[in-house]
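Thanks for making the time this morning. I would like to take you through one model, and I will keep to what can be computed from its atoms.

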Amino acid sequence: MIPAGFEYHRPGDIASAIGILQEHGDEARVIAGGHSLIPMMKLRMAEMGHLVDLQAIDELRGVEIGPETVTLGAMVTQHELITHDGLTAAIPLIREAALQIADPQVRYMGTVGGNVANGDPGNDMPGLMQCLNASFELSGPDGNRSVAARDFYEAAYFTAREDEEILTRISIPVPGAGVGQAYEKQKRKIGDYATAAAAVMVGNGTASVAMTNLADTPVWSESASTALAGGNVDACVTAMLDAIEPVEDNRGPVEFKKHVAAVMLRRAIDRAQSRAG
Amino acid sequence: MNDQTLTPEERATNLKGMGCARKRVEDVRFTQGKGNYVDDIKLDGMLFGAFVRSPYAHARVVSVNKEAALAVPGVVAVLTAEDLAPLGLHWMPTLAGDKQMVLADGKVLFQGQEVAYVVAEDRYIAADAAELVEVDYEELPVLTDPFEALKSDVVLREDLAGQTEGAHGPRKHHNHIFTWEQGDKDATEAVLGEADVVAEEMVYYHRTHPCPLETCGCVASMDKVTGKLTLYGTFQAPHAIRTVVSLISGLAEHNIRVISPDIGGGFGNKVGAYAGYVCSVVASIVTGQPVKWVENRMENLMATAFARDYWMQGKIAATKEGKITGLWCHTTADHGGFDACADPSKFPAGFMNICTGSYDIPTAYLAVDGVYTNKAPGGVAYRCSFRVTEAAYFIERMIEVLAIKLNMDAAELRRINFIKADQFPYQSALGWEYDSGDYHTAWDKALKAVDYDGLRAEQAQRIEEFKAGKTRKLLGIGLTHFTEIVGAGPVKNCDILGMGMFDSCEIRIHPTGSAIARIGAISQGQGHATTFAQIIASEIGLPADDITLEEGDTDTAPYGLGTYGSRSTPVAGAATAVASRKIRAKAQMIAAYLLEVHDGDLEWDVDRFAVKGAPERFKTMKEIAFAAYNQAIPGLEPGLEAVSYYDPPNMTYPFGAYICVMEIDVDTGEWDVRKFYALDDCGTRINPMIIEGQVHGGVTEALAIAMGQEIAYDEMGNVKTGTLMDFFIPTAWETPNYTTDHTVTPSPHHPIGAKGVGESPNVGGVPAFSNAVHDAFRPFGLVQSHMPHDHWRIWKIANGLGMHG
Ligand SMILES: Cc1cc2nc3c(=O)[nH]c(=O)nc-3n(C[C@H](O)[C@H](O)[C@H](O)COP(=O)(O)OP(=O)(O)OC[C@H]3O[C@@H](n4cnc5c(N)ncnc54)[C@H](O)[C@@H]3O)c2cc1C
């Protein structure tokens, strides 16, 4: 439980952070809340010569609530997602999901940017962001670009982000009035990743469904979303079950996970529908 | 002393003696982060040790190359079995009469086994260098199933080749350790053959781990000038460790000082001797510098002592009316790569022969076969007396299985089979003499408290609703009546490696009437400093607040066998009462002299001796203490102190009735404990608040074990549950509310009638939770399903019963 040695950097702005990443290449890694990265370092599953701490970069903080779009700085903590009243009023789904992540101690440190950039299929925010059709702003040596959450995840721990890029902000379209939202998660205990989790938005003839920890990336399914938008819950569930590819682990075998996935999805749909206007 | 105005009751209250819910004196430091644990100890020039551990469960160690590690600046030494061999320390004896490799000697037998020990100037360097030790392994076939192991040609313990006799009798196979038999086999088989009804089931109690908050560790400090070794460590039995260190190392025992500082939980995990202790001692002797070793969480879960792993095949016979006539059990016990169980020497399966439980079962037979596999060694009593939780789980499941076979209510089946109050002392078919009990009273009180009939009515209605498709949740009512056997134990049949299991107390009264007491036990959270002071307060009439209790330093505390198996109160607590009474006897002589009366003319009155018939003429204990030191009393030595070494005449037999009400979601396997009622009878109650705390903690551990906690291996022998992500430790969120209750049936042979309570909640809790799960599915045809009842295993029950359409 002791990480290998590393050089610690604490840049004050995005440009210097990128500079350090450029200088050290894949020897360097950014650290946000540290609550995914530090355990990996202690297990010596992640070893890097240079750790670039983002805590001192003010540009990465802040929550902006616009009429159409909500913008979250990458360094906004999961705790802030829960306690920000304006955010909860605009997109209640974010608070509902954040409350089901880990425990308060982890949430005080863990950031939304770290959660989505991490690429761990167990993280809840990636599926949530796909459901919400968010996009991630990336800054790198070649400037800025934006990648849709639905296009971001390639495989476990592999994302569209280049090594020398930093995820700076997350933009989320505010769902229209009358769209019901729900996040449903089964876990073994507090502090556990999902056995299966479902993020659902439905209303005004639209729908979006995504699921977590049931494949090596989050799973947003267009056909499941379309089916739900058309009011066909069974078809939505069937489409989603086709899209997921759970693997056996200590939470249980594939058959169980598929069953629970369907249960979570149906419960989330029920709740979202009951909240739809 | 002008407290003549106080009534005896008021004076007794002021003492805060037995029966008082006195606040824990330890908590002042613990709640402020001011405890002093092993890892808080910092000595000048201290070095740090770290292990290189085997990634394989079974492999030959072809070579160990230390060069790269030794080249790291700050690395002082890298020890392997080759380095320890000349000292004869590459193997060590286990508590179970087997021997165990300290560092891999040619092969490894479980994942996480210690292969090399790196000593460095700080723990970061040690960890880096451990990564650089190159070990060349040659993989061998892995045996993780004890039934397979007994059939396999693969020889795990080549060192025992040709040895057909083990520490506990003949070995039947090269992977077999012992067979232990109790009771009457022929008579039991005859009863089974003739019975109206026989229920048979395999009851598996899975492998789990005590996982104390603080992991195991030590600091060894050899002073080359004085020749003295001081060993600080997380030891549940510091005196026994001193003797073992002396026997293993050849150092004279007076040159060894063992200190257990504050300990952050033990639960049996800290009873045994580990490679880390031996390597740290050797490293300190070699370097002349103190050496600290503290294992991390994964090492703790992977390599230090596990608990349970008993496959218990049972048969229970009864009449049509439900009167039990016989019990048969064959247990296959998975001990891992070395037999390092911590049991009294004559009991290789501990007190598993308490498995007739609370019931009057006239004929019984138990056989246990110990087996080697490629898993970590251990088999410790995780918050229970030796194998008592296994025994209680076995009988409480067998009762339920029998109730199903008889189509009877399980509460009623228990009631008609309980040992009756007038049968005590009760001689059990498997050899124990139960000291006291009143099971019917406790049972009736428990059933009434939870409104058992009401619960059954609600359950019946729920089943209707479920069948009608109105709900997907079932209701389970988990019953348990357990009887423990604790307080090991009489030296005539209980010893560990030849060390008799008595315990001790030494009390010194200071001239101004305060005191210090020292005992041979050691608290790991039990609150000895609080409760033992209360025993003394009641016995000698000095306020508990004026009594310091010290333990854990072998240079100052009297010899004792330590704290595990709920033995502190039954054994050290008895010694404390007896030592107190010796003091009181001398105090009586002093008082008689001071009051100019005959000894026999005095009577004890809470905190004083008073002249019979003249209560206004008295001497308080405080006055007597002062006189003991400062007044020349003819025929008496000055001073006021006493020592007692107490060898108990029998064990004590705490019991209890636990009832769990659980909601179960058949679609997800999720569970929710709606109510948990725990009635404990631990005899005389010393501190009700501490008892309640012990019960809350113990039931929470039981919840963990029954509902998810396990040490699981894959077929390659990899530990699948080596972190707290997968190894279930309940948080406040998962922990239900508990209702505690009690009856009081004192132990007739214990000086204050106390029986011990710390382990009851684990012993009673596990079957209560498990029975609740089973009970929920009983109406749908479930008979037996193995723990832990995590979501997917509960889901699997529902799935198997066709509940998912
Ligand atoms: C006990 C426990 C339980 C948990 N349970 C859950 C749970 O139920 N659900 C859940 O979703 N999560 C859970 N987590 C993870 C937690 O939410 C983490 O905080 C989160 O995954 C990562 O955020 P972080 O800020 O801590 O990132 P870090 O750990 O600092 O970084 C994670 C990774 O993302 C990269 N990174 C971080 N920020 C950026 C950025 N701005 N740009 C580019 N790359 C970046 C880092 O280089 C690193 O590779 C749990 C963690 C713990 C310790």
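I will go through the interface, then the ligand, then a few local features of the backbone.

Please keep in mind that this is a predicted model, in which local features need pLDDT of at least 70 and side-chain atom pairs count only at pLDDT 80 or more, while totals for chains, interfaces and linings use all residues. Residues are numbered from 1 along each chain as its sequence is written, chains are lettered from A and ligands numbered from 1 in the order in which they are written, and side-chain values use heavy atoms, with hydrogens and water left out.

Let me begin with the interface. Chain A brings 26 residues to the contact and chain B brings 27 residues, where contact means heavy atoms within 4.5 Å. The size of an interface is often given as the accessible area lost when the parts come together. Here about 2200 Å² is buried between chain A and chain B, and carbon and sulfur atoms account for 57% of it; that area is the loss with a 1.4 Å probe, summed over both parts.

How many salt bridges does the rule find across the interface of chain A and chain B? There are four, a salt bridge being a side-chain nitrogen of Lys or Arg within 4 Å of a carboxyl oxygen of Asp or Glu. One salt bridge joins the side chains of Arg267(A) and Asp665(B), at 2.7 Å from N to O. On the side of chain A that touches chain B, helix 12 (residues 254-275) gives the most, with seven residues; helices here are DSSP runs of H or I with at least four residues, strands are runs of E with at least two, and both are numbered from the N terminus.

Helix 12 of chain A also takes part in a pairing inside its own chain. The side chains of Glu96(A) and Arg271(A) form a salt bridge, at 3.1 Å from N to O. Glu96(A) sits in helix 5 (residues 92-98) of chain A and Arg271(A) in helix 12 of chain A, so the pair ties together parts that are 175 residues apart in sequence.

Turning to the ligand, 30 residues surround it, and the closest are Val30(A), Gly34(A), Ser36(A), Thr111(A) and Asp124(A), with a residue counted if one of its heavy atoms lies within 4 Å. An N or O atom in the side chain of Thr111(A) is 2.6 Å from an oxygen atom of the ligand, and a polar side-chain atom of Asn115(A) lies 3.0 Å from a ligand oxygen atom. Taken alone the ligand exposes 960 Å², and the protein buries 94% of that, by the Shrake-Rupley method with a 1.4 Å probe.

Finally, the backbone of chain B. A cis peptide bond, with omega about -25°, joins Ala488(B) and Gly489(B), and Gly489(B) is in the loop between strand 23 (473-483) and strand 24 (495-496) of chain B. The peptide bond from Met787(B) to Pro788(B) is also cis, with omega near -10°, and Pro788(B) lies in the loop between helix 19 (760-777) and helix 20 (791-800) of chain B. Asn407(B), in the loop between helix 11 (388-406) and helix 12 (410-417) of chain B, has phi near 55°, a positive value in a residue other than glycine.

Definitions and conventions:
Buried area is the accessible area (1.4 Å probe) that two parts lose on being put together, summed over both. A polar contact is a pair of N or O atoms within 3.5 Å; within protein, one must be able to donate a hydrogen and the other to accept it, and residues adjacent in sequence count only if both atoms are side-chain atoms.
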